[in-house]
Amino acid sequence: MRITKFLYPALVVILSVFLLLGLSPSLKSLSAWLTPPVALAIGLAYALIFGATHPKMNRVGSKWLLQYSVVGLGFGMNINEALKSGGEGMLFTIVSVFGTLFFGWLIGRKLFRLSTNTSRLISSGTAICGGSAIAAVAPIIGSKEDETSVALGTIFLLNAVALFLFPIIGRMLNLTQVQFGTWAAIAIHDTSSVVGAGASYGEEALKVATTIKLTRALWIVPLTIFYSLVVSCEIRKWEKQNSTAQQQPKRIKFPVPLFILFFIVAIVLNTYAVSVYLPQVSNFIATLAKMGLTLSLFFIGAGLTRRVIVSVGPKAMLTGILLWCVISIGALCFVYF
């Protein structure tokens, strides 16, 4: 369609302009409507109506912009505060992370027969911090673009629901500010949705939710190392089973993607240098990263065409919902009793 030649770039420009308006305190209110779920919904609506009209541009946006944004988010984190806030609940954090990965495998692979990569991506996003975890794990396990898009779409659609549903449930159960903040940080996938839910519940809930969520975000590092080891074992097993007289030379890959290393470097720099001496720079980079993450969701949504959704079916969404219920109920019991 001729209109799509200009409509897609126009949407990218319009969304970018509105996001950048948020850098100005006087114009910030004009960009308040453009949240991550809204950006995802706009991209999804475009894909369902017009299909994949700009696949190359969409691929660059959904992959590289998302990875750069993950690195930038490191400038919004402090290692010392994160470790301090998560010290008391460290045992539950370990149990919840690996428990979620286990139940994700059980529900996704055994119950709904999802592909291994899709199951792993949904489990990773649910266990730690939504899109950031999926972006980190995807290149390690070698997931296809469709698998990554469906996993991200599933996670962020559930985030949009949680953003509005959790405060309602919290007030119905009369959860304290600390209880709600802890519950939201554990059970809601994406950091932006955790912040939104915490802010709508109260100032103390926002503070607790943010610090605990940032602590859990640090688990991206051991998660990527874990999957690197798993994939390496699977490759060696496959090579033994499919060994031939003429083997292709092995291409050595670094076990952890470079952008994850940059993410770690960003956290360290922010903790001991940038946030200490140049806090304005730290806040600016973190803000740009959140904007980039929001814009990348448009690209991700634009990749969820009818063909992709039909080819996967409702299994991914059901997996995400059931896994979300498991971790939400488990976390609620932990803070409530």
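Okay, let's start with one atom pair: the side chain of S69 comes to 2.7 Å from the backbone oxygen of L65. That counts as a polar contact, meaning a pair of N or O atoms within 3.5 Å, where within protein one must be able to donate a hydrogen and the other to accept it, and residues adjacent in sequence count only if both atoms are side-chain atoms.

Quick housekeeping. This is a predicted model, so local features need pLDDT of at least 70 and side-chain atom pairs pLDDT 80 or more, while totals for chains, interfaces and linings use all residues. Numbering runs from 1 along each chain as its sequence is written, and side-chain values use heavy atoms, with hydrogens and water left out.

Back to S69, which sits in helix α3; helices here are DSSP runs of H or I, at least four residues, and strands are runs of E, at least two, numbered from the N terminus. Is S69 buried or exposed? It's buried, at a relative accessible area of 3%. For the cut-offs, buried is under 20%, exposed is over 50%, and partly exposed is in between, with a 1.4 Å probe and protein chains only. Beyond four places in sequence, S69 touches A289, G292 and L293; a contact is heavy atoms within 4.5 Å.

L73 belongs to α3 too, which covers residues 55-73. Setting aside neighbours within four places, L73 contacts S132, F263, A289, K290 and L293.

Now α1. It has 18 residues and reaches 26 Å from first C-alpha to last, close to the 26 Å expected at 1.5 Å a residue, where the expected span is 1.5 Å times one less than the number of residues. Which residues of α1 are buried? T4, Y8, V12, L15 and L19. They cover an arc of only 80° around the axis, so they're on the same side of α1; that arc is taken from the directions from the helix axis to the C-beta atoms. The face turned away from that buried side carries exposed K5 and F6.

P9, also in α1, is partly exposed at 27%. It touches T4 and H54, not counting residues up to four places away.

Last, confidence: pLDDT is the predictor's confidence in each residue, from 0 to 100. The protein's mean is 81. Helix α4 is lowest, at a mean of 64, and α6 highest, at 91. Over residues 245-253 pLDDT stays under 50, and the model has 1 contact beyond four places there.
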